[in-house]
Amino acid sequence: MPLHLDSARRQLAALRSGRTSSRDLLEQYLRHIDRTNPGLNAVVTLDAEGARAAADRADRHLARTGEPLGALHGLPMTVKDALETKGLRTTCGSPDLADHVPDTDADVVALLRAAGAVVIGKTNVPTLCQDIQTCNPVFGTTKNPYAGDRTAGGSSGGPAAAVATGLTPLEVGSDLAGSLRLPAAYCGVYALRTSRGAVPVVPTRGHIPRPPGWLSSSDMLALGPMARSAADLDLLLDVIAAPSPADGAAWKVSLPAPAEAGLDRYRIGVWADDPYCRVDAAVRALLDEVVARVRKVGATVDETTRPVDFAAVDRLFQRLMYATSSATATDEAFAAEVRAAEGLADDAPGALYLTSRTMRHRDWARADEERQRLRARWAAYFTDHDVLITPAAPTAAVPDQTSVPTPQRYITVDGVRRSYFDQTSWLNLAGPVGLPSLVVPAGRTEDGLPLSIQVIGPYLADRTVVAVGELLARVLPAAPRPQALTG
């Protein structure tokens, strides 16, 4: 396998041993991007000269000192176009930001650079990250690496497609409503939504769609690593799990080690299907296979587990998500929403959206109390279980519906038409309470699309879910590899 298509760990080992240089590795990536990206549209802004300069600096530093710059010394990688990059255009897919060149890095990008990463360019997102497929008026549509008529997911569709096809070894995605994990599931790669409590494990300042210059972000937004293996996820997690610069003088992030060493030692809950969000036959068969294979290696498996009320969690998640999304609305637009929400019947179309967007602070405080009680229920569940395995999505990657107005979009599950947004319902279980959640690719559909599962763990057990993902990969069916990695 060419080095640029190998794991991030092996690339870093080659860089540190001198078997290759950062500049040589970068040129391999640039050639691969030149060949592969035109049919994919995952990398939308390329900074070849800036990357060459950074790679040359890394090579000179290693030659002069014999020491790497950091954990990612000289490793080329891309960055999601929602994360601000100093001196490099960051649009978040919005025409209003088409010429936006930040003068500072997002906190997580600063961590990448401090660890020695070489930023190649930016990967595509939907406009202001507000869709679960990836298309925008600035750069167009990112295609799924396995089938051009299927979506790559969103909002981290560009990052997921780039990782899957070897345009980058690693990425950092953002996740509010499955924006990191859904594209990972559709593109057959690993992705970790990191823990989030009062503050996130990975700092979020500099993430758009909060406008450039804002210091705050949604209280459910989490950033996390994306890679082609769980081991590479762990590598990147070491770099980006850190306090914000304002807290760095006194705080550090020290995530606990995995709970157990072997899969046979884990107590695993499996929530394979639910009337609230039915999965299709292929996904259900995969979950049945997970149960059989995990039980075969000696793990304790609980198939009856139902830690929370699915419908109640999903409704709470939507209320909190819509509430936080109103922060950046203009005064005029928000006033219009307040007027529209007044006297609206609970079952009226759009009522949940409007009443949540315009709720009083007292109502938000009560919703937040409901969230804390939900957090306590999850904590109690994890006293008897180490992790919970669920579907990642009801189906494999669905057809791209870029040309269809959002209200008219839908998915089909075993021949039944379903809500477009059912794609993220299983992922939303972890969102409101900030639990670490890992997408693990496993197996394929009859027509070759990747399938995935979700592994949820206790708050701050990020390393446990990554370790479980790595152990599961040894016993579950292998996910397919796209042609860009095999041809």
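Helices (H or I, at least four residues) and strands (E, at least two) are DSSP runs, numbered from the N terminus. By that count, the chain holds 14 helices and 15 strands. Its radius of gyration, taken over C-alpha atoms, is 21 Å, close to the 23 Å of the globule rule (2.2 Å times the number of residues to the power 0.38) for 487 residues, so the chain is as compact as a globular protein of that length.

This is a predicted model, in which local features need pLDDT of at least 70 and side-chain atom pairs count only at pLDDT 80 or more, while totals for chains, interfaces and linings use all residues. Residues are numbered from 1 along each chain as its sequence is written, and side-chain values use heavy atoms, with hydrogens and water left out.

Along the principal axes, the C-alpha atoms occupy a box of roughly 70 × 60 × 50 Å. Further values for the chain are tabulated here.

| Quantity | Value |
|---|---|
| Buried residues (under 20% relative accessible area, 1.4 Å probe, protein chains only) | 59% of 487 residues |
| Contacts (heavy atoms within 4.5 Å) with a separation of 6 or more that join residues 24 or more positions apart | 75% of such contacts |
| Accessible surface (Shrake-Rupley method, 1.4 Å probe) | about 19,300 Å² |
| Part of that surface belonging to carbon and sulfur atoms | 50% |

Ala110 is located in helix α4, which spans residues 107-114. Asp56 is 54 residues from Ala110 along the chain, and their C-alpha atoms are 19 Å apart.

Technical notes: Buried < 20%, exposed > 50% of the residue type's maximum accessible area, 1.4 Å probe, protein only.
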